[in-house]
Amino acid sequence: MLRDLRRRSVRDWVVDSVAFLFAVGLGLVSINERMDSMNYVVPWLFDVDLVLGVIACLSLWFRRLWPVPITVALVIVTSYFEFPSGALIVAMFTVAVHKKPKTTGIVFALSIAGALVWAFTRREPDVSMITVFIFGALVQGVVVGWGLFIHHRRELLESLRERARRAEAEAQLLAEQSQRRVRDDIAREMHDVLGHRLSLLSVYAGALEFRPDAPATDIAKASGVIRESAHRALQDLRDVIGVLRAPLDELPQPTLADLDTLIAESNTVMPVTFRCDKFDDVPKTLGRNVYRVVQEGLTNVRKHAPEAHTRVTVTGREHEHIEVEVVNDGGGATSSAVTGGHGLSGLDERVALAKGRFEYGPTDDGWRLWARLPWPDDGAQP
């Protein structure tokens, strides 16, 4: 009990002091009025009333610990004695503020019954019993109503604070999810862009390693391709790193029209046959996804079957879908210079985000990669 008293804040001590002084002041006013008009059955009940008033005021210091028991006790006492009435008002207010409305309603009903007993047993000579009862019930009703108002206001503020905490937590979660999506986008872009360039570097570097006696013109050509691919890989890396400073959609992105350049680069190291239907006004998002599918397919061929003949086909219907197929007939020969990565899983995620279908796997004499990408409904640009 003493520990609870020590834990009270300065505000609690101030509020308790004000409540105590209010109850004492109201009791003193009652004593001053009753000194002239005594209406007790026996005179010594006045002294009992005075002692109970002092005890009731002192009990207010413990009303935070036992609000309902103290209030019920005061209701019983004030059903006949008058001086503890100030303490009863403070105790009822405490119950209304801190307890559930149902509990407050029960205590208030008891206090109304006590007021009725008071009006019947302590009749004033010049005031009717109904008037005394209505006055007592009205005072108690105002006190309880004020307490309930504060109670519901505190609940409202707490619910708003809880809602703000939930909103903050949800915002943090959305921010983390957004960061994760950005990291995934960066990872896919870096793999798609750099994988293509580095596979070219690997093929030409491997040729120089295994053919040190190649003609000078071939060595010069391979060295030029390596230099150019390294320069482009560095430039592409700068563009991808720019994602950290600008939205992905604001950076230069490949489109369907860039497929010719991609095929031409691949034709320098392996035979590629390319066929593409004519499309008008292909949305940028769709064109970029088609480009990435072809790019990843050619990169995998260079990694695992660089001498295979590859066939790239892009077909479809405008405003419906585009199908991409990359097929090679090189069997399972694998280049020792390059190891496998996460390109196919990343490509699967890219196609899934576009709500398309993606398949890949071995054929009788090679490997096949196929994707169907739906045409955006409104043809909106990213």
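Here is a walk through this structure, starting with its sheet and ending with a pair of helices.

What you're looking at is a predicted model, in which local features need pLDDT of at least 70, side-chain atom pairs count only at pLDDT 80 or more, and totals for chains, interfaces and linings use all residues. Residues are numbered from 1 along each chain as its sequence is written, and side-chain values use heavy atoms, with hydrogens and water left out.

Let's begin with the sheet. Five strands make up an open sheet, in the order β1-β2-β3-β5-β4, and the pairing is mixed. (Strands here are DSSP E runs of at least two residues, helices are H or I runs of at least four, and both are numbered from the N terminus; two strands pair if DSSP finds at least two bridges between them.) At the edges sit β1 (272-276) and β4 (357-362), each of which pairs on one side only. On average, neighbouring strands of this sheet are turned by 10° against each other, direction ignored.

Now step inside the sheet. β2 and β3 run antiparallel and are joined by eight bridges. They form a hairpin with three residues between them, and H319 in the turn has a positive phi of about 65°. V314 has V324 in β3 as its bridge partner. V324 also stands opposite A371 in β5. β3 and β5 run antiparallel too, with eight bridges joining them. Moving on to β4, you'll find it paired with β5 in the antiparallel sense over six bridges. Here E359 stands opposite W370 in β5, and the two strands, β4 and β5, form a hairpin with four residues between them.

Seven of its eight residues are buried, so β3 is mostly covered, where buried means under 20% relative accessible area, exposed means over 50%, and partly exposed is in between (1.4 Å probe, protein chains only). H321 lies in this strand, β3, and stands opposite P374 in β5. Is H321 buried or exposed? H321 counts as buried because its relative accessibility is 16%. Leaving aside neighbours within four places in sequence, H321 is in contact (heavy atoms within 4.5 Å) with G316, R372, L373, P374 and W375.

α10 touches β1, β2, β3 and β5, and its direction makes about 10° with that of β3. α11 packs on the sheet as well, touching β4 and β5, with its direction at about 155° to that of β4. For angles like these, axes are lines fitted to C-alpha atoms, for helices over the stretch in contact, and values run from 0 to 180 degrees between N-to-C directions.

How do the two helices sit against each other? The axes of α10 and α11 come within 11 Å and cross at roughly 165°. That makes α10 roughly antiparallel to α11, because angles over 145 degrees count that way, while those under 35 are roughly parallel, 65 to 115 roughly perpendicular and the rest oblique. The crossing is left-handed, meaning that the near helix is turned anticlockwise from the far one by less than a right angle; clockwise would be right-handed. Among the residues that meet are R288, N289 and R292 in α10, and G343, L344 and L347 in α11.

What holds the middle of all this? In soluble globular proteins, nonpolar side chains tend to be buried together. The largest nonpolar core here has 28 residues, and those with the most contacts inside it are L259, V290, V294, L298, V314 and I322. (A nonpolar core is a set of buried Ala, Val, Leu, Ile, Met, Phe, Trp, Tyr and Cys residues joined through side-chain atoms within 4.5 Å.) Two or more residues of this core come from each of α9 (259-267), α10 (284-304), β2 (310-317), β3 (321-328), α11 (343-353) and β5 (367-374). The largest share, seven residues, comes from α10. V294 touches L259, L262, I263, V312, V314, V324 and V326, not counting residues up to four places away in sequence.

Apart from this core lies another, of 17 residues, with A19, L74, A87 and A91 among them. Turn now to helix α4 (residues 67-78) and helix α5 (residues 85-98), whose axes come within 9 Å and cross at roughly 145°. Their crossing is left-handed. Among the residues that meet are L74 and V75 in α4, and A87 and A91 in α5.

Finally, find F93 in helix α5. F93 counts as partly exposed because its relative accessibility is 22%. F93 and V144 are 51 residues apart in sequence, yet 5.7 Å apart in space, C-alpha to C-alpha. Not counting residues up to four places away in sequence, F93 touches V143, W146, G147 and I150.
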